[in-house]
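Biologist: Could you walk me through this model and tell me what stands behind each label you use?

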Amino acid sequence: MSTQDQLPDVLKNQLTAELLFSAKTDLLQDGRFGEQWLAVTEQEIVVWKQDRTQLLRQPIANLKDARAVSGIGGGTLLADTGSGPVVLARYTAAQSPVFGFAAKLLGAIAKDEERPVFSEREMPRSCPSCGNPLAEGTQICQVCTHNGKVAARMLRYTKPYKLQMVVAACLLITTTLVELVPPYLTKVIIDDVLGPKDIGSTLLYVVLGLGATMLLMSVMQTIRGLIGVWVGSKLMGDLRKDVYSSLMRLSLAFFDRRQTSQFIGRVNSDSEAMRQFMTDGVVFMSAEGLRIIAIFIIMFGLDWQLTLYAILPVPVMVAVSMTIWPKIGRRWYQQWRSIFRLNTLVGDSLQGIRVVKAFGREGDELSRYGEANVDVVRRNIRMEGLWSFMFPAFAFIAGLGTLLIWYNGGSKVLQDNMQLGVLMALIAYLGMLFGPLQWISQMISWASNAMAAAHRVFEIMDTPSDVPDVWNPAAIGVIRGDVVFERVTYGYEKHHPVLKDVNLKVQAGEMIGLVGHSGAGKSTFINLICRFYDTDEGAIRIDGTDLRDISQIDLRKQIGVVLQETFLFDGTIAENIAYSKPDATPLDIMRAAKIANAHDFIVRLPDGYDTRVGERGHKLSGGEKQRVAIARAIIHDPRILILDEATASVDTETERQIQEAISRLVKGRTTFAIAHRLSTLRNADRLVVLDRGKIVEVGTHEQLLEREDGAYRKLVDAQKELSKIKGVEG
Amino acid sequence: MTEGDKYDIRLFSPDDVYFSRGQGGVFQGIVEGKPYEELEVYRAFPFLYTTQYISIRNVKGEELGIVPDLKDLYEESATELERELQLRYFMPRVTRVESVKQKSDLWMWELQTHLGATRMVMRNLHEYMQYPGGGRVILTDISGKRCEIVDWRELDAHSRKQLEEVL
C-alpha cells in the first residue's frame, strides 16, 4: 500500500499486522516542532514519539470515524472512538494533504467502505532533491533550477535569429578591435611625428587613418544597433506570444489561486526584462569582455610593468561590486515593494471612489497615501543615495590606477626609459578599461533581473494543465445531451470536498434547476459540466462518453453558458453576439437577438448593432448585457445550456423579458439553471436540491413542496417570508 | 437561549463556561450547563486581540458564544483555552532570526521560535509578510505555515541586522 515517507524499520517491526499507511508529522502533540510517526494497519493505529517510544495505540475496532480538523497554519488528525475523540497527530499546513488523506483512509477503514487511493496530489509538495516546498501548480524547484539552465533555455529563443546574431557578433568583434586603434595611432603621432618633428607626409596619413577608423566604427555601430533592435523586437514578440499562449492553455483552477492582474505584468515586463538581457545584456557583456582582454594584451605589449600597476585596483573593484551587489538587489526590492504598496493603495481607493466619497473619507485616504508616499520617498533616497555613492567610488578607485601609471610612467619618460607616446597610449587604454568595469554592477543587475523574469515566465510555461486533453479524443459529433453524474466528488482543495458523491441522471432536453444555500456547491456543479475542473473521484458522462475523453474544443461547442456576471468583450454588440460563431450573417445575429428579447433595444441605440461595448464602450445596463449574453448563447446553438443566476441583478420587468427569452432558449436543450429566486425555476422539469455538497432532494416543484419537512419547502418558505418583508419595505 | 438572542452576540461570563481537555487530548468543556465532548475555538481578531473575543463553537461550527477576555476566566479554563488557541492557531513566536537569504527566486528564513527551530520559504516578501501594526510582523510561507514576530525592534542585534534589509 502507499506510504508517504518510509517508516523506519525499527518501528515497522513493532507492528503486528501489515502496514497500510504511515506518515511523519512535523509537530509534537503539544504543538512544538518535532517529528512523530503515525502508522495504520488493519488492526490498529500507532503513534511514536520522537524518541521512538510509543505514544498511543488505538485499536481500529474502537474507531468510528476520523477527521482532519484544520486550524490556522496547521491542523489536527482526530479519531472518533467509542470513548470520545482522540488526537492522533498534529501537523503544520505543509502536511495537511497527507493527513487529510489519512483521515479519509481511517474513516473508510472504520466504516468498512472502499479505501481511497493515495494520489500525487496528496503528496506534500516539496522538491525531491532539496526538500524545500514547491510552489503550487509547479513541479520545478526554484532552489534547484540552475540559473545556467534557465539562461540556456532563454538563449534558445535566439535560435531563429542565428544568422543575424552571428553577423552582430562579427561586427561586435571588429568594432571592439577597431576601437583599440585610435590610441595606438595617437602613440604613433606623438612618438614618430610630433616627437622627432617629422615634417613629411606621415602626419597626414596617420590622421587620415584615424578618420577612417572613426568612420568605420560609426557605420558598424549603426548596423549593429539596427540588428539589435530588429532581433530584440522579434524576440520580445516570440516571448510574449509564448507566455500568452501558455496562459490560455492553463485551467481555471490555476487562475483561481492567483491574482489575475499580476499576469498582465508578467506577459509584458518579464518578457522585456528577458529581451533586455538577451540582446543588450549578452551583447554588452561579450563586447566589454572582449574589449578588456584585448586592452590587456595591448597594454602588456606596450609596457608590462606599468600594466601591473593598472591592474592593482581591479580586485578591489570586483570585491566592492560583489559585496555591494546583494545590498543593491534588496534595496531595489524594498523600493519596489513600497511603490507596489503605493500603487495598490491608489488602485484600491480609485476603484472604491464611490464609497470613499459617500462616506466622506477623502481626508483619510489622503493621509494613508501620504504615509505610503513618504515611505517611497525615503526608500528612493536610500536607493539613489547608494548609486550616487557607487559611481564616484568606482571612478576614484579606477583613478588611483591611473595616478600610479602617471607617476611611474612619468618618471620613466623623464629618465628617457620610455617614450611619451607609449605613456599616453597606456593612459588612454586604461580609461577605456575602467569604463566597462564600472558597469559590472549594471550588468549583474540586468542579468539577475532577467533571470528572475525568466523563472517566472518558464514557471507559467511549465505548469501542466489540470484538465489535459486526451491524445485521441472520442469523436462526439452533435450530441443528444444526456448528462450523467457518477459518484462525483470534487474539492478546490482536495482534502476539502465541495461536492460529495453526487449521482444524477439527466435526460436529453430536460431542464434541471439547481437549488440550495450559497456554498452548497451549485456553481461547482456547473463548473464540472463545463470541465473547468476535473472530478477528483467519479465521472461525468455526456451521451455515455466520459468528459475527459472529449476534446475540450468539441465539448465547448456543445455547451453554452449565461452567467450572472456577463462579460462582454471590447467590440461591437454584433461581434459579441457572434463571439462563438464568427461566420454568422447579420441576419443570424438579428434572429438570435430577437429570440433573446434584445433586438428592440439594440436597434434603438444610436449605433445599433455596431455599438461598441466592453471596457471602453457604451454602457449597457445589467439586463441589456444579460440579453446580449443570451443571444450569444442562442447563436452558439449548444446542446447543453447552463444558466447561472442569469436574472439575479435585474428588475422584475426585465426579469420577465429575460425569462421569456430563456424559455425560448431552453427548448429542446439539456439545461442546468441556478437561480436565486426560486420562482424563476418553476419551468424546470426537475429540481435538484443541494446541501453541503450533497444532493438531498430531487423532484418537480410541486413534488418537493409537498414534503412537509423538505429542504426545498424550507427554502421556499424562507423566500416567501423575505418577500413579505420586502413588500412591507417597498 | 431565547429567540431574541439569536441576532445578538452572546458574551460568556466566567461562570458560564468550564473548559478542560478530554482523555484523547481534545478540547472540551461545559457551556452553560451543557457538556460538549469537543469544542472549537476561533479568534475573532487573530491579529489585534489574540486573547480577547474568542468564539467558542461546537463541532458543527455553530457559535455558542464569545469569551470576551481570556484573563477573566477561571484559571483552569483559561489555561486550557489558551493552550487550545495555541494549537489551533499555529503561530510560533520568533525569538531569533538566524538568516534571511535569497536563493534563486525564493527567500529562505532560518528562524528560532518558542516552539523550536524552523525554516520558512517565501516566494516573495510583499505577499508573504504582513504588518498588522506596531513592530509586529506576520510571516507566511509557501506551504501556509505562519510565524509571528511580536516586535522586531525588540529582537537581538543579529536578528535586527538580518531584518533590516527586508522589512
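**Labels and what they rest on**

Modeller: Gladly! The contact between the chains takes 46 residues from chain A and 45 residues from chain B, where contact means heavy atoms within 4.5 Å. This is a predicted model, in which local features need pLDDT of at least 70 and side-chain atom pairs count only at pLDDT 80 or more, while totals for chains, interfaces and linings use all residues. Residues are numbered from 1 along each chain as its sequence is written, chains are lettered from A and ligands numbered from 1 in the order in which they are written, and side-chain values use heavy atoms, without hydrogens and water.

Biologist: How much area do chain A and chain B bury between them?

Modeller: About 3,700 Å², with 53% of it on carbon and sulfur atoms. Buried area is the accessible area (1.4 Å probe) that two parts lose on being put together, summed over both. Phe33(A), Ile72(A) and Arg330(A) supply 21% of the area that chain A buries against chain B, more than any other three residues.

Biologist: What makes the pair Glu38(B) and Arg67(A) a salt bridge?

Modeller: The rule asks for a side-chain nitrogen of Lys or Arg within 4 Å of a carboxyl oxygen of Asp or Glu. In this pair the closest N and O atoms are 2.5 Å apart, so the pair meets that cut-off. Across the interface of chain A and chain B the rule finds 1 salt bridge.

Biologist: Why are α5(A) and α6(A) called roughly antiparallel?

Modeller: Helix α5 (residues 181-194) and helix α6 (residues 202-249) of chain A pack at an angle of about 170°, with axes 10 Å apart. Angles run from 0 to 180 degrees between N-to-C directions, and axes are lines fitted to C-alpha atoms, for helices over the stretch in contact. Angles under 35 degrees count as roughly parallel, over 145 as roughly antiparallel, 65 to 115 as roughly perpendicular and the rest as oblique. The two helices are therefore roughly antiparallel. Among the contact residues are Leu185(A) of α5(A) and Leu210(A) of α6(A).

Biologist: What makes β10(B) and β11(B) paired strands?

Modeller: Two strands pair if DSSP finds at least two bridges between them. β10(B) and strand β11 (residues 136-140) of chain B have 3 bridges, in the antiparallel sense, so they qualify.

Methods: Helix = DSSP H or I, 4+ residues; strand = E, 2+ residues; numbered from the N terminus.
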